[in-house]
Amino acid sequence: MRRLRLFALSCSFLVGLTLVPAVAAAGGPAPSDNCVPGTVWEDRASGVKYLCVYDEAYGGPRWVLMRTGQEGASGWLSRSSTNGCLLAFVGLSGYSGGGADAIARSFRWPCATSVDRTNQPIGELRSRVAIQRYASGGWSTCRDSGFQYNSAPATGWMASLDMGASADCGPGTYRALGYGSFFQGGAWRGASLLTPALALP
């Protein structure tokens, strides 16, 4: 009888564990180019904040990562006169336990200014972000959003992760790894980029 009770108790414990909801990654449109210089935009899913600036070389306003309490990187993940270009941003925030996002933006050649932005059809623009923690002499993945695909025609798409009130894998040194790609010329074209490291409590 005692064995039966222990078995029932252990089964109810396992059922309880499986009912704990997993924190899902968020995906959605990136902040648009229709920004007013001086405006701050926050990705509510990750806590990463952007500032709208006017960039004459870009041909208008654009969003840049706010550096206070955050780390980020940006760069071209693909450039081709045939297939166009993909610009990516990845940001890691130290606010309220931390979070990260990755944005992929598509351009047509010559990929130089805001007028070169181009819409990608549904499912042909994707982004992904992973939060990594440094421990035992190497980096390991703490959270990974998986690829988030555009659910509507879009020039930019974002994947986000929120770690809530404290860093999910404990205090330490973290970084974000962002991926972006778009489907052009019959293939996915893109790459990845890393943020500098940031200490999270």
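**Figure 1. Lining of the largest pocket in the predicted model.** The largest pocket is lined by 15 residues. Those nearest its centre are Tyr58, Arg62, Leu87, Phe89 and Phe107. The space inside the largest pocket comes to about 200 Å³. Sorted by class, its lining holds nine nonpolar residues, five charged residues and one polar residue.

**Figure 2. The disulfide of Cys35 and Cys52.** The model has three disulfides, and this view shows the one formed by Cys35 and Cys52, with sulfur atoms 2.2 Å apart. The pair links distant parts of the chain, 17 residues apart. Cys35 sits in the loop between β1 (26-29) and β2 (40-42), whereas Cys52 belongs to strand β3 (residues 49-55). The torsion about the S-S bond is about 65°, so this disulfide is right-handed. Buried means under 20% relative accessible area. Cys35 has a relative accessible area of 7%, so Cys35 is buried. Cys52 has a relative accessible area of 2%, so Cys52 is buried as well.

**Figure 3. The disulfide of Cys85 and Cys111.** The sulfur atoms of Cys85 and Cys111 lie 2.0 Å apart and form a disulfide. Cys85 is in strand β6 and Cys111 is in the loop between β7 and β8 (125-135), so the link ties together parts of the chain that are 26 residues apart in sequence. The link is right-handed, with 85° about the S-S bond. Cys85 is buried, its relative accessible area being 0%. Cys111 also counts as buried, at 4% relative accessibility.

**Figure 4. The disulfide of Cys142 and Cys169.** Cys142 and Cys169 are joined as a disulfide, with 2.1 Å between their sulfur atoms. Strand β9 (residues 138-144) holds Cys142, and the loop between β11 (156-162) and β12 (172-184) holds Cys169, so the pair ties together parts 27 residues apart in sequence. With 100° about the S-S bond, the link of Cys142 and Cys169 is right-handed. Cys142 has a relative accessible area of 15% and is buried. Cys169 is partly exposed, because its relative accessible area of 32% falls between the limits of 20% for buried and 50% for exposed. When bonded cysteines are counted along the chain, the disulfides of the protein chain follow the pattern 1-2, 3-4, 5-6.

**Figure 5. Surroundings of Ser80.** Ser80 lies in strand β5 (residues 70-80). Its relative accessible area is 19%, so Ser80 counts as buried, the cut-off being under 20%. The side chain of Ser80 reaches the backbone nitrogen of Thr82 at 3.1 Å. Apart from neighbours within four places in sequence, Ser80 is in contact with Cys85 and Trp109. Cys85 is the cysteine in strand β6 that forms a disulfide with Cys111.

Conventions:
Residues numbered from 1 in each chain as written. Predicted model: local features only at pLDDT ≥ 70, side-chain atom pairs only at ≥ 80, totals over all residues. Heavy atoms only, no water. 1 Å grid on protein atoms, 1.4 Å probe; cavity = no way out; pocket = protein on both sides within 12 Å on 5 of 7 lines; lining within 4 Å. Points joined across faces, edges and corners; volume = space filled by probe spheres on them. Nonpolar A, V, L, I, M, F, W, Y, C, P; charged D, E, K, R; others polar. Disulfide = S-S within 2.5 Å. Helix = DSSP H or I, 4+ residues; strand = E, 2+ residues; numbered from the N terminus. Buried < 20%, exposed > 50% of the residue type's maximum accessible area, 1.4 Å probe, protein only. Polar contact = N/O pair within 3.5 Å; in protein donor to acceptor, adjacent residues only side chain to side chain. Contact = heavy atoms within 4.5 Å.
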